[in-house]
Amino acid sequence: MADESAGWLGIDLGTQSVRVLLVTAAGRVLGSGSAPLTGRRDGVRHEQDPEQWWSALCTASRAALGSAPGVPVGGLAVCGTSGTVLLTDGSGRPVSPALMYDDGRAVAEAARARKAGLAVQDTWALPKALWLLGEYGGGAGTGRAARAGGRAPAPRLRLAHQPDLVIARLTGEPPPADSSHTLKTGYDLHAEAWPQAALAQLGLPERLLPDVVRPGTRLGEVCPDAADATGIPAGTPVLAGMTDGCAAQIASGALRPGSWNSVLGTTLVLKGATRDPVRDPTGVVYNHRAPDGTWLPGGASSVGAGALRAHFPDADPAAMDARAAAFEPSRAVAYPLVSPGERFPFRAPDATALVLGEPEGDAGLWAALLQGVGFAERLCLDYLHHLGAPLDGPLTFTGGGARSRYWNQLRADILARPARVPEQTEPALGMAALAAYGASGAGALADVTERMVRVRTVLEPRPDRTAALAEPYARLVHALRERGWLPAPVAEHALTRLHLDTGES
Ligand SMILES: Nc1ncnc2c1ncn2[C@@H]1O[C@H](COP(=O)(O)OP(=O)(O)O)[C@@H](O)[C@H]1O
Ligand SMILES: O=C(CO)[C@H](O)[C@H](O)COP(=O)(O)O
């Protein structure tokens, strides 16, 4: 439907809120709404009560549709946080809390899964599913014994990903999962099958696992009860979504092979589009897949803009940027991990945030943190290059950190490449585009997306700044290598690329 009077609904189940956008095929936002979510955090534990997702969605969708009364809705798609899972009973009712994407309690289960040959990271959904089975799998009180694989899970249990619950309420029946959310539960996107033998060995039987469909597949339509609750017209097609990381990539428009998008939110997620998957024996880089077959390789770092908030909870970013400019390039070198342990561009569970040298006051520390995030981003691109990933297409910057023009320019200088900043980059926009693609049923996702996404700014790197930033970058690479976190061949590759960019040795 290229009709400008119709809207596509994108729904984003985030960590802190549910966001809903109603957007035309040309990217005009007709309405938006959001409603807060609360979680329980305590050390490495991070849970949410899944019941709140539906009530928050009802509030947010009513707000979004309320500003565009009578506009026909062509379809909707839902994204959720990647790696968030819970257990439900046979009729889809939650029997456990949701373990959020960054809950870090399933470390032992992750090690077991890797031993069984599955390349998972500690916070992925598969280890969490095993952990949940141990806690909630056999009825009350089974705890650790079942977690060690000693007891079979109760017969009617099912594993659900974050969007599944609200989709079940929207259509009136529990849906199959989208293959994007199941990637971190061990689903093989190449074979389009669950690795049954390895999962059975881990105590995760087939009957617990959802059926899986490609993103953009029609799952059903909004039922009358859901229409009453959400304000979304009954009969609106509901399409399978993707993870919020993929949704953000769709919203950035980076879907042509060779293009990349860097989402600088609380943490940094870098993703590209390629014709073939990017093979990484260490499992640091993983590959999502768009419904048209394009591979979406990338990784999620623990460095990010959250470090600014952690150090300066009440700061005005624009005022701090203005003061920090005097310290560029920063002699103090930082690797600003938001939480301990790094996942990309190297795997180092023992890594901690690093500041080498003495930053001068608040503004000096701010400068070091901005620069350090840019250096981490550069190292991610260096690592992708080391793996042979094509990096020759355009780069976009999205996420909360991309609101800072000063930081965007600094990052372009550090990366020594131009960067584009789109106008509207929310994951919910990506879901609206996926809904439009899914409903049309043909063509390339990139074509649909490029009509919806509008680029705001293009930043060109300044060669003199790139050269001035080379020395502190090289110092950081050496420091990460000396600590045993960054493998030597990756460090050498990064330094070689630096010399090529600056023409210096
Ligand atoms: N103007 C700005 N300059 C620098 N950082 C910013 C600015 N505005 C927002 N941020 C940072 O963006 C982060 C939130 O980004 P967002 O993409 O909304 O996060 P999330 O990862 O929670 O989805 C916060 O850590 C905040 O410090
Ligand atoms: O912080 C996140 C929570 O969802 C990121 O989006 C996530 O880590 C990236 O995951 P993916 O690449 O699987 O979308």
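The volume of the largest cavity is about 40 Å³. A cavity is here a set of points, on a 1 Å grid over the protein atoms alone, where a 1.4 Å probe fits but cannot get out, with lining residues having an atom within 4 Å of a point; grid points are joined across faces, edges and corners, and a volume is the space filled by probe spheres set on the points. By this rule, 1 cavity of 30 Å³ or more was counted. The structure is a predicted model, in which local features need pLDDT of at least 70 and side-chain atom pairs count only at pLDDT 80 or more, whereas totals for chains, interfaces and linings use all residues. Residues are numbered from 1 along each chain as its sequence is written, chains are lettered from A and ligands numbered from 1 in the order in which they are written, and side-chain values use heavy atoms, with hydrogens and water left out.

The lining of the largest cavity consists of Phe375, Arg378, Asp413, Ile414, Thr466, Leu469, Ala470, Tyr473 and Leu498. Two or more of the lining residues come from each of α12 (361-386), α13 (405-415) and α17 (470-482); helices (H or I, at least four residues) and strands (E, at least two) are DSSP runs numbered from the N terminus. The lining comprises 6 nonpolar, 1 polar and 2 charged residues, where Ala, Val, Leu, Ile, Met, Phe, Trp, Tyr, Cys and Pro count as nonpolar, Asp, Glu, Lys and Arg as charged, and the others, Gly among them, as polar.

Ligand 1 is surrounded by 13 residues (a heavy atom within 4 Å), the closest being Thr266, Ala305, Pro317, Gly400 and Arg403. Helix α10 (residues 306-311) makes the greatest contribution to this shell, with 3 residues, and the shell contains 4 nonpolar, 7 polar and 2 charged residues. Polar contacts (pairs of N or O atoms within 3.5 Å) place an oxygen atom of ligand 1 at 2.9 Å from a backbone N or O atom of glycine 400, and a nitrogen atom of ligand 1 at 3.4 Å from a polar side-chain atom of arginine 403. Ligand 1 taken alone exposes 580 Å², of which the protein buries 71% (Shrake-Rupley method, 1.4 Å probe).

Around ligand 2 there are likewise 13 residues, the closest being Ser82, Thr243, Asp244, Lys271 and His288. Polar side-chain atoms of tyrosine 286 and histidine 288 each lie 2.7 Å from an oxygen atom of ligand 2. Of the 360 Å² of accessible area that ligand 2 has on its own, the protein covers 92%. Elements giving two or more residues to this shell are α9 (244-252), β15 (268-272) and β16 (286-289), and α9 gives the most, with 3 residues.

Technical notes. Polar contact = N/O pair within 3.5 Å; in protein donor to acceptor, adjacent residues only side chain to side chain. 1 Å grid on protein atoms, 1.4 Å probe; cavity = no way out; pocket = protein on both sides within 12 Å on 5 of 7 lines; lining within 4 Å.
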